[in-house]
Amino acid sequence: MSGTAEEWTILNPTMCAHPFHIHVNSFQLTKVNGAAVTPNFYDTFMVPPGMPGAPGSITFRIRFKELRGKAVYHCHILPHEDTGMMNNLEIV
């Protein structure tokens, strides 16, 4: 919802790193694989590969300031995007 902030965690159970990208809003990265990092802003960040029994992950905060409507988030590897690693979100 416009005017709100959320915290998301993106999990990667595969053995391949995935560049996660979100349109319209940048995000403040706070953790990689559960470990705190110095917060910084990105619109694309590499989700590390998983290991047996433990997915790779990134955690970030995203603020939906003023833009409303549909936005897209996806893996920035085109064949991955084309086979399902892409979705819409709607900011209301």
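Student: Quick one to start: does T30 count as buried or exposed?

Tutor: T30 counts as buried, because its relative accessibility is 8% and the cut-off for buried is under 20%. Bear in mind that this is a predicted model.

Student: Thanks! Where is T30 found?

Tutor: T30 is in strand β3.

Student: And which residues is T30 in contact with, leaving aside its neighbours within four places in sequence?

Tutor: The list is E7, A35, A36, V37, T59, F60 and R61.

Student: Let's stay with β3. What does β3 form with β4?

Tutor: A hairpin, with two residues between the strands. N33 sits in that turn and has a positive phi of about 50°. The strands themselves, β3 at residues 27–32 and β4 at residues 35–42, run antiparallel and are joined by five bridges.

Student: Which residue in β4 is the bridge partner of Q28?

Tutor: F41 is the partner of Q28.

Student: OK, zooming out. What is the strand order in the open sheet that holds β3 and β4?

Tutor: The order is β1-β6-β3-β4, four strands with antiparallel pairing. β1 and β4 are the edge strands, each pairing on one side only. On average, neighbouring strands in this sheet are turned by 20° against each other, direction ignored.

Student: How many bridges do β1 and β6 pair over?

Tutor: Nine, in the antiparallel sense. As one example, T4 has F64 in β6 as its bridge partner.

Student: New topic: salt bridges. How many does the count come to?

Tutor: One salt bridge. R61 forms it with E7, and the closest N and O atoms are 3.8 Å apart. The pair links distant parts of the chain, with R61 in strand β6 (residues 56–64) and E7 in strand β1 (residues 4–12), 54 residues apart.

Student: What about R61 and solvent: buried, partly exposed or exposed?

Tutor: R61 is partly exposed, at a relative accessible area of 43%. For E7 the value is 51%, so E7 counts as exposed. The cut-off for exposed is over 50%. Both E7 and R61 are also among the contacts of T30.

Student: Nice, that ties back. What is the order of the other four-strand open sheet, the one with β5 in it?

Tutor: That sheet runs β5-β2-β7-β8, and its pairing is antiparallel. Its edge strands are β5 (44–47) and β8, each pairing on one side only. Here neighbouring strands are turned by 25° against each other on average, direction ignored.

Student: How many bridges join β2 to β7?

Tutor: Three bridges join β2 (residues 18–22) to β7 (residues 69–75), and the two strands run antiparallel. H21 has H74 in β7 as its bridge partner.

Student: And which residue in β8 stands opposite H74?

Tutor: M86 stands opposite H74 there. β7 and β8 (residues 86–91) pair in the antiparallel sense over six bridges. A71 stands opposite L89 in β8 as well.

Student: Where is L78 found?

Tutor: L78 is in helix α1, which spans residues 78–82. With a relative accessibility of 52%, L78 counts as exposed. The C-alpha atoms of L78 and M51 are separated by 23 Å, and the two residues are 27 apart along the chain.

Student: How many helices and strands are there in the chain?

Tutor: One helix and eight strands. From the N terminus on, the elements run β-β-β-β-β-β-β-α-β. The radius of gyration is 13 Å, close to the 12 Å that the globule rule gives for 92 residues, so the chain is as compact as a globular protein of that length.

Student: And what box do the C-alpha atoms fill?

Tutor: Roughly 40 × 30 × 20 Å, taken along the principal axes.

Student: What share of the residues counts as buried?

Tutor: Of the 92 residues, 33% count as buried. The accessible surface of the chain comes to about 5800 Å², with 57% of it belonging to carbon and sulfur atoms.

Student: Last one: of the contacts between residues at least 6 apart in sequence, what share joins residues at least 24 apart?

Tutor: That share is 65%.

Note on methods: Residues are numbered from 1 along each chain as its sequence is written. This is a predicted model: local features need pLDDT of at least 70, side-chain atom pairs count only at pLDDT 80 or more; totals for chains, interfaces and linings use all residues. Side-chain values use heavy atoms; hydrogens and water are left out. Two strands pair if DSSP finds at least two bridges between them. A salt bridge is a side-chain nitrogen of Lys or Arg within 4 Å of a carboxyl oxygen of Asp or Glu. Buried means under 20% relative accessible area, exposed over 50%, partly exposed in between (1.4 Å probe, protein chains only). The radius of gyration is taken over C-alpha atoms; the globule rule is 2.2 Å times the number of residues to the power 0.38. Contact means heavy atoms within 4.5 Å. Accessible areas come from the Shrake-Rupley method with a 1.4 Å probe; for residues, only the protein chains shown count as cover. Axes are lines fitted to C-alpha atoms, for helices over the stretch in contact, and angles run from 0 to 180 degrees between N-to-C directions.
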